[in-house]
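Me: I'm new to this structure and would like to get to know it through a few questions. Could you walk me through it step by step?

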Amino acid sequence: MNSLNNKVAVITGSARGLGKAIAERYAALGADIVINYSRDKASADEVVSNIKAMGVKVIAVQADVSKVADIERLFAEAKAAFGKIDIVVANAGIELVETPVVDFTEEQFDRVFGINTKGTYFTMQQAAKNVEDNGRIIYIASSTTSFPVPGMAVYGGSKTTPRYLVDILSKEIGHRGVTVNSIIPFAVDHSGIFADADSYPELRKQLLDSCPMGRLAEVEDVANAAEFFASDLSSFVNGQHLLVNGGATN
């Protein structure tokens, strides 16, 4: 079993869904955890309670990643609480799907790019400034960055730019032993837009038909990859983009 004892992990958007699963996985492996949330304090408090029961240290920090000042405060509070940061997972994001290019509004564009692109960029910038040598920076991307899907132009576009940032940052700070990688999940069941089993039935069918394994991803599938990238097993894996999609081709 991998060990993250004596490590400190900051996971953005970790009050629910993928971020929660990753935070709880890291805690189970012995890491101290910084939970980040934007609005849902009740869910964040629940995750904190779950993690405390695992016997590690945990705090929750409210921060809206679309605001650079909030991101800077998140990292400052994490270091004030734990003295260091070893692992950063840039996970916070919002989804906007089934909207044709001609129907997107400026407001929708700005909101999605403000969180998914700007928020991720400055989260990873702060990670690069603050993570310890031999640390880990992990970006949670989307399979729409590899397989364009109609109706997801703004969402997929907003998740594509940080993939390029992974390539650049891995070269700029690799000399410190820090690895920078991305996880590219397939659509995740019981999370995000598919949190409700009855939501987006046509899109769900389209995605299921494209996957040889006949299912969507689960949060644990993504947490498995996040465990690998946070562990010593990936110490020489840098600047890579791992598809976690069951072999889906579109």
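Predicted model: local features only at pLDDT ≥ 70, side-chain atom pairs only at ≥ 80, totals over all residues.

Me: Thanks! Which helix holds both Lys-41 and Asp-45?

Reply: Residues are numbered from 1 along each chain as its sequence is written, and side-chain values use heavy atoms, with hydrogens and water left out. Helices (H or I, at least four residues) and strands (E, at least two) are DSSP runs, numbered from the N terminus. Lys-41 and Asp-45 sit 4 residues apart, about one turn of the helix, and the one that holds both is H2 (residues 41-52).

Me: How far apart are the closest N and O atoms of Lys-41 and Asp-45?

Reply: Side chains of opposite charge can pair when their charged atoms come close. A salt bridge is a side-chain nitrogen of Lys or Arg within 4 Å of a carboxyl oxygen of Asp or Glu. Lys-41 and Asp-45 form such a bridge, with their closest N and O atoms at 2.8 Å.

Me: Are Lys-41 and Asp-45 buried, exposed or partly exposed?

Reply: Buried means under 20% relative accessible area, exposed means over 50%, and partly exposed is in between (1.4 Å probe, protein chains only). Lys-41 has 45% relative accessibility and Asp-45 has 36%. Each therefore counts as partly exposed.

Me: How many salt bridges are there by this rule?

Reply: The bridge between Lys-41 and Asp-45 is one example. Another joins Arg-25 and Glu-220. By this rule, the count comes to 11.

Me: Which residues are linked with Arg-25 in a network of salt bridges?

Reply: Arg-25 meets Glu-220 with the closest N and O atoms 2.6 Å apart. Arg-25 lies in helix H1 (residues 17-28) and Glu-220 in helix H7 (residues 219-230), so this pair ties together parts that are 195 residues apart in sequence. Arg-25 also forms a salt bridge with Glu-227, at 2.7 Å from N to O. The residues linked with Arg-25 in the network are Glu-220 and Glu-227.

Me: What kind of aromatic pair do Phe-109 and Phe-113 form?

Reply: Rings of Phe, Tyr and Trp (its six-membered ring) pair if their centres lie within 6.5 Å; planes under 30 degrees apart count as stacked, over 60 as edge-to-face and the rest as tilted. The whole structure has 4 aromatic pairs. Phe-109 and Phe-113 are 4 residues apart in helix H4 (residues 106-130), about one helical turn. Their ring centres are 4.3 Å apart with 15° between the planes, and the pair is stacked.
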